[in-house]
Amino acid sequence: LISSRYIMTQIEGAGCPVSLYNMISFLKTFLDENGNVSPLYKQEGASTPDAESIYAPALTYTLLFTLVVYAFEAHLDDLQYAAYKIKDFPKNLKDTVLKIDGLANAKSEGNKKEEEAADDVLLLPKLESKFDKSQKYGMDKIRFQMVSQLYNLIEGVGFLVCGFLPYTWDMAASVYDKGEIGTSLVFLAILTLVGTITSLPFELYSTFQIEKKHGFNKQTMGLFFSDKIKSLILTFVIGGPFVALLLKIIEKGGDQFYIYVWFFMLCFSVFMMTIVPVFIMPLFNKYEALEEGELKDRIYALAGRLNYPLTKLFVMDGSKRSSHSNAFMFGFGKNKRIVLFDTLLKQVHDDEILAILGHELGHWKLGHTLQSFVVTQLYSGSAFYVFSLCFNSRELYNAFGFDGTKVPTIIALLLFFQTLWAPVDKVLSFLLTVNSRKNEFDADKFGAELGMSKDLQTGLIKITLENLGSMCPARLYSMYHYSHPPLVERLSALMLIEKKSD
């Protein structure tokens, strides 16, 4: 693109075919007079950025960064795709699970009934029998991911070079032009609807083709679209006032608006932590108190042992959407709650549920939950501080087809996070993934120190079995994408802790 003038000269002199000439002429339409990529659609009043400005090639660099990230992540997908082609059960996982099964057999040695029971619950044969299904499930998901990421690349690049954002803003202004905040809300509504429509075919295929094919999807088409409508309504009802307040704070906050924005984001985070579990989550799932019995008593005893202020213990009807299982904790201050998926109760026994909750409570006891909240707030504050430094950079907005003399705040925010902050965000996301994996190991260790190591090991294996988790992920792929370490790494770490304690 940058060398199009030179290429044009060579083509004209060599007498190349008209079709190639036309192609180069077409590419030339995406360049400004300084040789930088420029969108096809520009607002009235938008000018070519000054060639000396550091923001002049902003669109060019954004496209380049997008392509580099795509190429890198596509390479990782190729590695994972190759991993899913493996036919032989991974030796390191086999050796690890054999040791776990061996310990189970050793405990029952000399007792015929216990030996027969141990044979029925040996985990390695079950893992080996599910390995092929796990590989096929992973293969279908990675293929789908490759297609969807390619589409996202084409859509993202197409929107940028065609000037979708300035065009959509002008469309929103034609609908409502009595104030920037109102126009911004219309603009975001259009983007939300467009995003919902373009992503819908992929979500339908993922849910009703891939998940159904492998026995996970349980939801009907009616429930799927009901969830979609509810999500859109909540986006407009909560997101609309949030955006309006954010824009007003930036407008009235002066040069140090980022301080007020940070405080607003902090308050909004606490507000959402309070209302989501009480009002929003019940709109999608039914939460019932765990029935009275030994399991409930043992969970409350575990919470009391760790001084966790557990006030309610729920079972969620996750099975109405999927047979995948999970458990999580939520709540603010002294009002903590634990939720168990009904599918989890069917997949593991009570000791393993206690071990899994011991792991989750470890995150709380070790400060991981607070750490995550603090990091989120620091990230938010840092991002808006850097945004304040380039908020009035007219050349940046001109590069994307906007009239830089009167760029809307919401556009400035979108372009900032899409351009200048995007590389920072990628690096921080990777570092947070690395930290998350460390926290998982620490929480596993915490559970082991509670005396739950063996039950946590078998619980993790059973969850992997039931969810067809990846048993031999590509190392680089898992390092980049997985917030939780692979199964064999967690099992090996737990066994090492046991060995040291012995």
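For the classes, Ala, Val, Leu, Ile, Met, Phe, Trp, Tyr, Cys and Pro are nonpolar, Asp, Glu, Lys and Arg are charged, and the others, Gly among them, are polar.

Housekeeping: this is a predicted model, with local features needing pLDDT of at least 70 and side-chain atom pairs counted only at pLDDT 80 or more, while totals for chains, interfaces and linings use all residues. Numbering starts from 1 along each chain as its sequence is written, and side-chain values use heavy atoms, with hydrogens and water left out.

Back to the pocket (on a 1 Å grid over the protein atoms alone, an open set of points where a 1.4 Å probe fits, with protein on both sides within 12 Å along at least five of seven lines; lining residues have an atom within 4 Å of a point). How much space lies in the second largest pocket? About 1100 Å³, where the volume is the space filled by probe spheres on grid points joined across faces, edges and corners. Of its 37 lining residues, T66, N152, G156, L160 and Q418 are the closest to the centre. Elements giving two or more residues to that lining are α3 (58–84), α6 (123–162), α7 (164–175), α8 (180–213), α16 (409–418) and α17 (422–467). The largest share, 10 residues, is from α6. Helices here are DSSP runs of H or I, at least four residues, numbered from the N terminus.

Now, α6 and α17 also meet each other: their axes come within 8 Å and cross at roughly 40°. Axes are lines fitted to C-alpha atoms over the stretch in contact, with angles from 0 to 180 degrees between N-to-C directions. In contact, meaning heavy atoms within 4.5 Å, are L123, K126, L127, K130 and Y137 of α6 with T458, I461, K462, L465 and N467 of α17. By class that's five nonpolar, two polar and three charged.

Next, α7 and α8: the axes come within 8 Å, crossing at roughly 125°, so they are oblique to each other. Their contact includes W169 of α7 and F187 of α8, and its residues come to 12 nonpolar, three polar and one charged.

Last pair: which way do α10 (257–280) and α14 (368–390) run? Their axes come within 9 Å and cross at roughly 150°, so they're roughly antiparallel. W262 and M265 of α10 are among the contact residues, as are F384 and Y385 of α14. That contact has 12 nonpolar, five polar and no charged residues.

Key: Angles under 35 degrees count as roughly parallel, over 145 as roughly antiparallel, 65 to 115 as roughly perpendicular and the rest as oblique.
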